[in-house]
Amino acid sequence: LPSPWGEDRFGTKTEEPLRIAYNRSFSQAGETEVSKKTVFLAEVTDDLVESRNQVRRFLDQRKNIRVLPTPDDEVSSEKLTEDLQQSHLFVQLLSDLPGKKDLVKSQYDCAKAAEINILQWRSPNLKLAEVQNEAHRQLLKSAMAMPLADFQEEIPKRLFPQENLTA
């Protein structure tokens with residue numbers, strides 16, 4: 001058996017036991033950080049504020065998911081870019097409204113430019129044919145049309161697909 005002091009039973013120096021102990025101590029200390037994934041929860045139009053709060057509460061209850069931006073964060077294009085670079089998934093809730101200054105589309109474009117996975121939701125009751133803004137209608141077509149509670153469950157599935165295989 002190797003000695004914990006870095007020598008085998010014949011007195012030959014070896015770094016292997018120390019390397020194993022060193023790696024083990026760091027993997028245990030940082031285990032929660034390594035397994036934690038970050039979601040960027042996009043800003044929404046006024047009609048979806050409560051739905052966004054509901055999704056945030058759902059995600060905040062999960063120990064392995066971090067949500068950006070935090071409620072205290074400043075709103076700026078620099079902060080948006082920084083947060084997207086840290087994120088594993090961009091989550092966006094869409095209504096029939098494009099938002100002020102096309103906020104919805106601009107956030108989507110930034111996420112696309114950051115090359116992160118995008119997950120979008122819209123109400124199953126939303127009628128695409130009634131949406132006046134053509135660009136916004138196109139954006140809505142890619143969104144999942146389902147109850148919000150079902151969509152919330154999709155978020156961890158997208159973040160941790162390997163856990164779905166074992167469940």
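Reader: Which residues of H7 are buried?

Author: Keep in mind that this is a predicted model. The buried residues of H7 are Leu148, Phe151, Gln152, Glu154, Ile155, Pro156 and Leu159.

Reader: How many residues does helix H7 have, and what should they span?

Author: Helix H7 has 12 residues, running over residues 148-159. Counting 1.5 Å a residue, H7 should span 16 Å, and the end C-alpha atoms sit 17 Å apart, which agrees.

Reader: On to rings. What describes a pair of aromatic rings?

Author: Two things: the distance of the centres and the angle of the planes. Searching the whole structure here turns up 1 aromatic pair. Phe40 and Phe90 make that pair, with 5.8 Å centre to centre and 10° between the planes. The pair counts as stacked because planes under 30 degrees apart fall in that class.

Reader: Where in the chain do Phe40 and Phe90 lie?

Author: In distant parts: Phe40 is in strand E1 (residues 37-41) and Phe90 is in strand E3 (residues 89-94), 50 residues apart.

Reader: Is Phe40 buried or exposed? And Phe90, buried or exposed?

Author: Buried means under 20% relative accessible area. Phe40 has 3% relative accessibility, so Phe40 counts as buried. Phe90 has 0%, so Phe90 is buried too.

Reader: What about Gln92: why does Gln92 count as buried or exposed?

Author: Gln92 lies in strand E3, and Gln92 counts as buried because its relative accessibility is 0%.

Reader: What does the side chain of Gln92 reach?

Author: The backbone oxygen of Val104, at 2.9 Å. Leaving out residues up to four places away in sequence, Gln92 touches several residues, including Ala42, Tyr108 and Trp121.

Notes. Residues numbered from 1 in each chain as written. Predicted model: local features only at pLDDT ≥ 70, side-chain atom pairs only at ≥ 80, totals over all residues. Heavy atoms only, no water. Phe/Tyr/Trp six-rings, centres within 6.5 Å; stacked < 30°, edge-to-face > 60°. Helix = DSSP H or I, 4+ residues; strand = E, 2+ residues; numbered from the N terminus. Buried < 20%, exposed > 50% of the residue type's maximum accessible area, 1.4 Å probe, protein only. Expected span 1.5 Å × (residues − 1). Polar contact = N/O pair within 3.5 Å; in protein donor to acceptor, adjacent residues only side chain to side chain. Contact = heavy atoms within 4.5 Å.
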